[in-house]
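Subject: Structure handover

Hello,

Here is the structure we spoke about. Please open it alongside this note.

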Protein chains: 2
Amino acid sequence: MSAVQICEVSPRDGLQNESVVLSTEVKAALVERAVAAGARRVEAVSFVNPQRVPQMADAEAVMAAVPRVEGVSYSGLVMNRRGLDRALAAEVDEVNLVVVATDTFCLRNQGTTTVQACDAARDLVAAAREAGLFTTVTVGASFGCPFEGEVSADRLDEVLRRVADAGPDEVALADTIGVAVPAEVSTRLTLLDDRVVPGTRTRLHLHDTRSTGVANALAGVASGVDVLDASIGGTGGCPFAPNATGNVATEDLIYTFERSGITTGLSLTSLIESAEWLQAEIGRRLPSALLHAGPFPG
Amino acid sequence: MSAVQICEVSPRDGLQNESVVLSTEVKAALVERAVAAGARRVEAVSFVNPQRVPQMADAEAVMAAVPRVEGVSYSGLVMNRRGLDRALAAEVDEVNLVVVATDTFCLRNQGTTTVQACDAARDLVAAAREAGLFTTVTVGASFGCPFEGEVSADRLDEVLRRVADAGPDEVALADTIGVAVPAEVSTRLTLLDDRVVPGTRTRLHLHDTRSTGVANALAGVASGVDVLDASIGGTGGCPFAPNATGNVATEDLIYTFERSGITTGLSLTSLIESAEWLQAEIGRRLPSALLHAGPFPG
């Protein structure tokens, strides 16, 4: 038996790449559903430029509409000081900062080079910590870049050193475009463990673009990762990465985990019900496997 | 580095659950494409009752249309003596016999109980071997049954003892409805290894119904399985199992294997091209991930 924490990211990464913009009420309901299914950590919103990511323009309203549950950490994605100020005003519990491992993708995603993004993350970590928030840094394109191709272990190592210098509570490797395979997940998590200060938590953010999501998640658990991001329905993607597809579906992970003796505290039945609901709200067939196949035994 | 053989099953298991019936020429072209992509073993046809599986009614014509390539084994699925006679007349190199691990599913699939199917397999193995054919027995529902639910390790063990008594050259565990998880793949392959005569080859037949296909295949390779079934485009299913979906896509396996140091001799580029072609012939979106996401680096 082992255990891993799931960070539910459907309200943020899940919705930001959908063409349909959901109402504030539906977004808040999605957060509530995730919590009801057992999630103790939810990436609820992002405080980025609403002109660049219009789906997240009502972040403050979503956070105001979500009834806070004791023991649940509500997170917001933040790119800069303005975003952090909005996050603080909205009273999130944690902020998710982003650094992309390649310059080309980082420039397209947030208008800075990787080194500049690391510098910004250092300042934001310090400011957020002073305000009492948990801080996590997501390293995008940790396994490959849609523009530069392969991301070498040396390049990633260089970025992880800078991110570790920023001193966040947690660092995540993100397979933003779904190219990782399990062997790489293991070796790159070891690289991460070697770079961060002992006690720093580790997280893995997976996209199931090339059918490797579940295999990569199992490799992450076997390597001792603390947290896995996942998205109800397998929604998600990145508006700035071509052909990006959804995050690994939360219910797909929980199906395999339940049958493999890995505990998460989440309810598979509840997740599938919420995936059905979300699919109806979004109005397109979502990629989750369990949503369509159903649990086993049925 | 390790290696595993791929048995391409799109022409048989892949097509038999598609509502569109392809022409003999297109079926033969699919077999040729699999061989051109590097497959050295192809399940090309099935010699079953054409009234039950109309898609396979032209098995003889397909085999006659396929140009035989030296070193490639062309296989036909066979349920009874009549099927074996047809297979021999069509000059296949091997026959695939089927036993389903639960009585309910076995009765629906082939009109016999599991024990009766084992008895039939024994006679067919003897007759096929006498005719010089390679013999493989596929044990359907080895990980779960759509009608009876869980299939216990004890039940599977009992079936494997009978199948081993039949003395085939190879035995396969089939996850017919895509419910297996990697830990079960490992333990049930060990069960299989313990039951069969030393030297018997082992094969794994996976369906990617619950996003576990790639993870299960990797577990199979790690457990030393000799052969993996896979289907170009991720086509496939079972006409007698509700909600059955496709086999794990050949190109999805090869993507992960290539990046994991597992050699198969198959060309990813060629497989993706054939998946595109097959999708156009079938006229529906096929579930293969690599078909839609493309290779990486692109």
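Below is what was found in it, starting with the ground rules.

This is a predicted model: local features need pLDDT of at least 70, side-chain atom pairs count only at pLDDT 80 or more, and totals for chains, interfaces and linings use all residues. Residues are numbered from 1 along each chain as its sequence is written, chains are lettered from A and ligands numbered from 1 in the order in which they are written, and side-chain values use heavy atoms, with hydrogens and water left out.

**The two copies**

**A:Arg210**

This residue is in the loop between strand 8 (201-206) and helix 9 (213-222) of chain A. Helices (H or I, at least four residues) and strands (E, at least two) are DSSP runs, numbered from the N terminus. A:Arg210 counts as buried, at 6% relative accessibility. Buried means under 20% relative accessible area, exposed over 50%, and partly exposed in between, with a 1.4 Å probe and protein chains only.

What does A:Arg210 contact, leaving aside neighbours within four places in sequence? Its partners include A:Ile177 and A:Val179, and also B:Tyr255, B:Leu290 and B:Phe296. Contact means heavy atoms within 4.5 Å. The side chain of A:Arg210 has a polar atom 3.2 Å from the backbone oxygen of A:Gly178. It also reaches the backbone oxygen of B:Ala293, at 3.2 Å.

**Core**

The largest nonpolar core has 201 residues. Such a core is a set of buried Ala, Val, Leu, Ile, Met, Phe, Trp, Tyr and Cys residues joined through side-chain atoms within 4.5 Å. A:Leu228, A:Phe257, B:Leu228 and B:Phe257 have the most contacts inside it. Not counting residues up to four places away in sequence, A:Leu228 touches A:Val4, A:Ile6, A:Leu204 and A:Phe257, among others.

**Helix 4 of chain B**

Which residues of this helix (residues 81-89) are buried? They are B:Gly83, B:Leu84, B:Arg86 and B:Ala87. B:Arg82 and B:Ala89 are exposed, on the face turned away from the buried side. The buried residues pack against strands 3, 4 (73-78) and 5 (94-100) and helices 3 (59-65) and 6 (114-130) of chain B. Just after helix 4, B:Glu91 takes a positive phi of about 60°.

Strand 3 (residues 41-47) of chain B holds B:Ser46. B:Ser46 is buried, with a relative accessible area of 1%.

**Cysteines**

There are 0 disulfides over all chains. A disulfide is a pair of cysteine sulfur atoms within 2.5 Å. For B:Cys118, the nearest cysteine sulfur is that of B:Cys106, 7.6 Å away. B:Cys118 is buried at 2%. The sulfur of B:Cys145 is 10 Å from its closest cysteine sulfur, in B:Cys106, too far for a bond. B:Cys145 is buried too, at 1% relative accessibility.

Best wishes

Notes. Polar contact = N/O pair within 3.5 Å; in protein donor to acceptor, adjacent residues only side chain to side chain.
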